[in-house]
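Reader: I have a model open and would like to learn how to read its features one at a time. Could you walk me through some of them?

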Amino acid sequence: MTRNNTPNTTDEGADARATRLVIPLLLVSAFVVILNETIMGVALPALNRDLGISVSTGQWLTSAFMLVMAVVIPVTGFLLQRFHLRQVFITAMTLFSLGTLICFLAPNFTVLLMGRIVQASGTAIMMPLLMTTVLNLIPADRRGRTMGNISIVMAVAPAVGPTLSGLILSMLDWRWLFGLILPIALLGLALGAAFIRNITEPRSVRIDVLSVILSAFAFGGLVYGFSSLGKAADSSAPIPPWVAIVVGVVALVLFVWRQILLQREDRALLDLRVFRSRQFSISISLVLVSFMALFGTIILLPIYMQNVLGHDTLATGLALLPGGLVMGLLAPFVGRLYDRFGPRPLVTPGAALVTLVMWSMTQFGTETPIGAIVAAHMVLSVGLGLMFTPLLTGALGSLPQRLYSYGSAVVGTVQQVAGAAGTATFIAVMSAVAASRAAEGADTVVAEAGGIHVAFILGAVITTLAFFATFLVRRSTAPAEEEGTPAAPAVH
């Protein structure tokens with residue numbers, strides 16, 4: 001929000017106190033809502049039994065969540081331009097809390113699915129909201145440590161979701177996956193309504209309905225198509241995966257063309273001028289590859305541990321927990337190092353670690369000890385942790401203030417598409433190779449182990465290319481604001 005030329009010490013002190021509350025509050029709220037993205041996977045067998053539904057039907061509790069996220073996130077750039085921060089936060093947390101309550105009380109699958117859709121609508125708004133708030137409030141020389149905390153939300157929350165779900169289900173009914181989160185969500189909503197202030201000046205802009213429709217078909221089609229491929233070609237899918245992907249690609253081309261036209265009048269739903277920043281483009285490309293590796297590994301390792309090594313669900317979830325915790329503990333330190341040294345001294349070693357671990361995973365077989373898997377996942381988490389914070393901070397910090405909300409929306413959209421694409425790529429390769437080996441007469445376990453081996457080889461090749469791309473990363477400097485654009489209210 002713009003200020004008078006005469007500084008007001010009282011106002012500045014109040015703003016500083018508000019910021020100390022707002023950022024942690026947004027971080028905790030975002031962690032809670034993002035956690036729900038992956039919390040359902042482990043619960044699906046119990047839900048299938050209790051609700052009397054098929055596996056393919058139950059999978060929609062996850063697929064619908066991802067689809068809504070993919071459709072809503074691109075619109076958040078417009079929402080953050082058009083409305084005050086406080087309004088957007090209250091809307092997001094109200095939707096999430098309402099959806100959580102519906103899920104907790106759901107008497108059947110249809111109501112549960114409706115609750116997941118409402119949940120996802122609120123979840124989709126939170127990450128762009130958090131990033132945009134940080135960029136507006138935190139000075140450039142201190143953003144690294146705060147973006148490190150955001151990396152915890154983006155990477156750790158999805159990683160620990162299955163573990164937390166397994167622990168809850170080992171003691172309680174599936175409804176408590178929502179019942180335990182609901183009070184936390186309501187508390188966050190109440191605290192936000194009490195303490196969050198408006199820090200941006202909304203602009204009177206109209207939403208372009210055609211852009212919204214094209215965005216829904218583009219990102220929804222891609223996420224649905226990749227997710228369906230990741231389910232190993234379920235023949236009961238209402239739309240063939242390749243059809244959804246083709247529709248998504250065509251709609252994406254039309255969406256980009258429409259945004260380029262609207263940018264001339266400053267009316268774009270998702271302003272693609274963010275990609276004029278070389279640093280943003282390079283960093284987002286590396287973020288896409290990193291999230292593909294993260295989500296592909298998260299989905300592949302449990303399959304490997306259960307189907308090949310014979311471990312149960314709880315043991316699998318616990319084995320992946322240390323990696324998530326390591327990434328979470330590392331993130332704030334990486335942020336401080338970024339503030340001091342810039343991105344490349346962190347990103348390049350991080351990519352090297354990820355590449356080495358991916359190649360080491362190609363050696364996993366039918367007798368691999370669980371300790372080796374835990375160690376590999378922890379080192380992988382360290383490597384990804386060294387990459388996420390510098391890449392996100394450098395990418396968004398290279399943009400002018402008026403593009404912050406659009407850059408944040410792009411990051412959220414890339415996360416969803418990369419997660420779906422990573423899952424689909426790893427699972428599709430694994431399934432195809434396993435089917436081929438089985439057709440040749442191999443034992444089921446041996447065939448699946450062979451499929452996982454080839455999938456990890458593909459992942460290792462992709463991350464090797466990403467390692468060489470990290471040498472293009474530079475420390476970004478915030479561009480000068482265009483004339484007439486208000487400066488961000490930095491809090492010192």
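Reader: Let's begin with charges and rings. Which residue lies over the face of F333?

Author: Happy to start there, with the note that this is a predicted model. The idea is to look for a charged group placed above an aromatic ring. Here R336 lies over the face of F333, 5.7 Å from the ring centre. R82 gives another case: its charged end sits over the ring of F83, at 5.4 Å from the centre.

Reader: How many aromatic pairs does a search of the whole structure find?

Author: Eight aromatic pairs turn up. To sort a pair, look at the angle between the planes: over 60 degrees counts as edge-to-face, under 30 as stacked. F275 and F280 have their planes at 75 degrees and their centres 5.4 Å apart, so the pair is edge-to-face.

Reader: What does a stacked pair look like here?

Author: Take Y304 and F364: the planes are at 15 degrees and the ring centres 5.5 Å apart, so this pair is stacked. The pair also joins distant parts of the chain, 60 residues apart, with Y304 in helix α12 (residues 278–308) and F364 in the loop between α14 (344–361) and α15 (370–397). Both Y304 and F364 are buried. Ring pairs also bring in F456, giving a cluster of Y304, F364 and F456.

Reader: Where does F456 belong, and how do I read that element?

Author: F456 is among the buried residues of α17, together with others including I452, A455, G459, A460 and T463. The buried residues of α17 pack against α12, α14 and α16 (404–439).

Reader: How can I judge the length of α17, and what happens at its start?

Author: Compare the end-to-end reach with the expected span. Helix α17 (residues 444–469) has 26 residues and reaches 38 Å from its first C-alpha to its last, close to the 38 Å expected at 1.5 Å a residue. At its start, a side-chain oxygen of D443 comes within 3.0 Å of the backbone nitrogen of V445. Buried residues of α14 include L346, G350, V354, V357 and M361.

Reader: Which contacts does S211 make?

Author: S211 lies in helix α10 (residues 209–229) and is buried, at 0% relative accessibility. Beyond its neighbours within four places, S211 is in contact with F255, R258, Q259, L262 and L269.

Reader: To finish, what is the overall picture?

Author: The protein has 17 helices and zero strands. Of its 492 residues, 57% count as buried. Among contacts with a separation of 6 or more, 84% come from residues 24 or more positions apart.

Terms used. Residues are numbered from 1 along each chain as its sequence is written. This is a predicted model: local features need pLDDT of at least 70, side-chain atom pairs count only at pLDDT 80 or more; totals for chains, interfaces and linings use all residues. Side-chain values use heavy atoms; hydrogens and water are left out. Helices (H or I, at least four residues) and strands (E, at least two) are DSSP runs, numbered from the N terminus. Buried means under 20% relative accessible area, exposed over 50%, partly exposed in between (1.4 Å probe, protein chains only). Contact means heavy atoms within 4.5 Å. Rings of Phe, Tyr and Trp (its six-membered ring) pair if their centres lie within 6.5 Å; planes under 30 degrees apart count as stacked, over 60 as edge-to-face and the rest as tilted. A charge sits over a ring if NZ of Lys or CZ of Arg is within 6 Å of the ring centre and within 35 degrees of the ring normal. The expected span of a helix is 1.5 Å times one less than its number of residues. A polar contact is a pair of N or O atoms within 3.5 Å; within protein, one must be able to donate a hydrogen and the other to accept it, and residues adjacent in sequence count only if both atoms are side-chain atoms.
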